[in-house]
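Please read the points below alongside the sequence and the coordinates, taking them in order. They are meant as a colleague's notes on what can be read from the atoms.

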Amino acid sequence: MTEIPEHLLKRSKERREAASGVASSDSGTSAPATTSSTPAVAKSAAPVAASAPAPKPDPSYVVAAKSRKKIPFWAMATLSLLPLWAFMYMLALKPQEKVVEGPLAIGATVYGSCAGCHGAEGQGGAGREFAGGEVLKTFPKIEDMLNFVYTGSQAYASQNIKFYGDPNREGGAHAPLSYNGNPMPMQGEKAGGGLTEAQILGVVCHERYTISGADPASEQWKSEYETWCSPESEIFLALENGTTSFDTIDTDFAMLTTPPHPVGTTPRESAK
Ligand code: HEC
């Protein structure tokens, strides 16, 4: 007589029990646990075994998908115009972006990296105060301020430059390292900082006009504003696209050369 392998016997026993609705008591491995859960297994096993032979009807959403009409031919024509619409949409957006990007707009963003020391409103802190015209008193000429921000004050101290900005400043001239002995960190790329020249012009414009309160419409600041800080400033555009630099700005822009007054990227005495 041939022996039937143990596992086949076990399987057929399980099948029979499942079909008749009686659960297997699984005499093998984890006997106590199985015995205690016997009723639950029996309940769930029975319906599955009973319904198995009958083919399942499609769920309602499959029936709907099968009977639904496909995309009509006229809609395809409309859809094929979508890329053209997207293209025209982009074109319509472009001019708007240009209006937003002037020196003051860029400067407001860059100022985030100065605010920690100079205060969100320019009220001062670890760095000097800008608000209420303070920074305008130090730098009546924007070129001197651009140079100072580019190099930072340590470079001025190293070159033994006694004062930065206006030596006849109301309230006294500012000497490098005279504010609690702390330096103003260099910002320009050649000096080891992280800002482009266009960004430096932007943030300096922001500090002068938005924070310190220079009025672009006034006699005193109108010309400086239009030349350096207005959205149409040719100097700002030239710095952005690289056709001028702080080292050549006085020769690239004839209106700045009387008297010659370069910005420069190394520390220097302020203009008289
Ligand atoms: C780590 C702090 C710190 C940060 C950041 C900082 N500054 Fe200063 N800033 C100073 C200190 C300190 C002074 C005074 C320097 C001195 O006495 O030599 C100063 C001075 C200045 C002055 C001269 C003001 C005056 O009236 O004498 C200007 C302009 C200036 N900072 C611009 C900026 C700009 C623009 C940024 C951001 C791009 C900036 N600072 C970021 C600390 C800082």
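**Notes on the model**

1. A contact between two helices comes first: E197, A198 and L201 in α12 meet I235, F236, L239 and E240 in α14. Five of the residues of this contact are nonpolar, two are charged and none is polar. Since this is a predicted model, the geometry that follows should be read as computed from predicted coordinates. Two packed helices are described by the angle between their axes and the distance between the axes. Helix α12 covers residues 197–211 and helix α14 residues 234–241, and the two pack at an angle of about 145°, with axes 8 Å apart.

2. On the overall make-up, the chain has 15 helices and zero strands. Of its 272 residues, 32% count as buried.

3. Which protein atoms are the donors of the iron atom of the ligand? They are NE2 of H118 and SD of M184, which lie 2.0 to 2.1 Å from the iron atom. The site is octahedral, with six donor atoms and angles of 86 to 180° among them. H118 belongs to helix α8 (residues 115–118), whereas M184 belongs to the loop between α11 (153–158) and α12, so the pair ties together parts that are 66 residues apart in sequence. H118 and M184 are both buried.

4. The aromatic pairs in the model number nine. In one of them, F139 and F148, the ring centres are 5.7 Å apart and the planes stand at 45°, so this pair is tilted. Both of these phenylalanines are buried. F139 also pairs with Y164, and here the centres are 5.8 Å apart with the planes at 25°, so the pair is stacked. F139 sits in the loop between α9 (134–138) and α10 (142–151), and Y164 sits in the loop between α11 and α12, so this pair ties together parts that are 25 residues apart in sequence.

5. Are F139 and Y164 buried or exposed? The relative accessible area of F139 is 4%, and F139 is therefore buried; Y164, at 7% relative accessibility, likewise counts as buried. F139 and Y164 belong to one aromatic cluster together with F148 and Y156.

6. Helix α10 deserves a point of its own. Ten of its ten residues are buried, so α10 is largely enclosed by the rest of the structure. The buried residues of α10 include the charged-type side chains E143 and D144, and also I142, M145, L146, N147, F148, V149, Y150 and T151. The elements that cover them include α9, α11, α12 and α13 (222–229). After α10 comes G152, which has a positive phi near 80°.

7. Most residues other than glycine have a negative phi. With a relative accessibility of 70%, N160 counts as exposed. L177 is likewise not a glycine and has a positive phi, of about 60°, and the place of L177 is also in the loop between α11 and α12. L177 is partly exposed, its relative accessible area being 30%.

8. The last point concerns K137, which is placed in helix α9. K137 counts as partly exposed, at 26% relative accessibility. Which residues does K137 contact once its neighbours within four places in sequence are left aside? The contacts are with D166, R169 and E170. K137 and G171 are 34 residues apart in sequence, and their C-alpha atoms are 8.7 Å apart in space.

Definitions and conventions: Residues numbered from 1 in each chain as written. Heavy atoms only, no water. Axes fitted to C-alpha atoms, helices over the stretch in contact; angles between N-to-C directions. Helix = DSSP H or I, 4+ residues; strand = E, 2+ residues; numbered from the N terminus. Contact = heavy atoms within 4.5 Å. Donors = N, O, S within 2.8 Å, 3.2 Å for Na, K, Ca; no water. Tetrahedral: all angles 85-135°; square planar, octahedral: opposite > 155°, others 65-115°. Buried < 20%, exposed > 50% of the residue type's maximum accessible area, 1.4 Å probe, protein only. Phe/Tyr/Trp six-rings, centres within 6.5 Å; stacked < 30°, edge-to-face > 60°.
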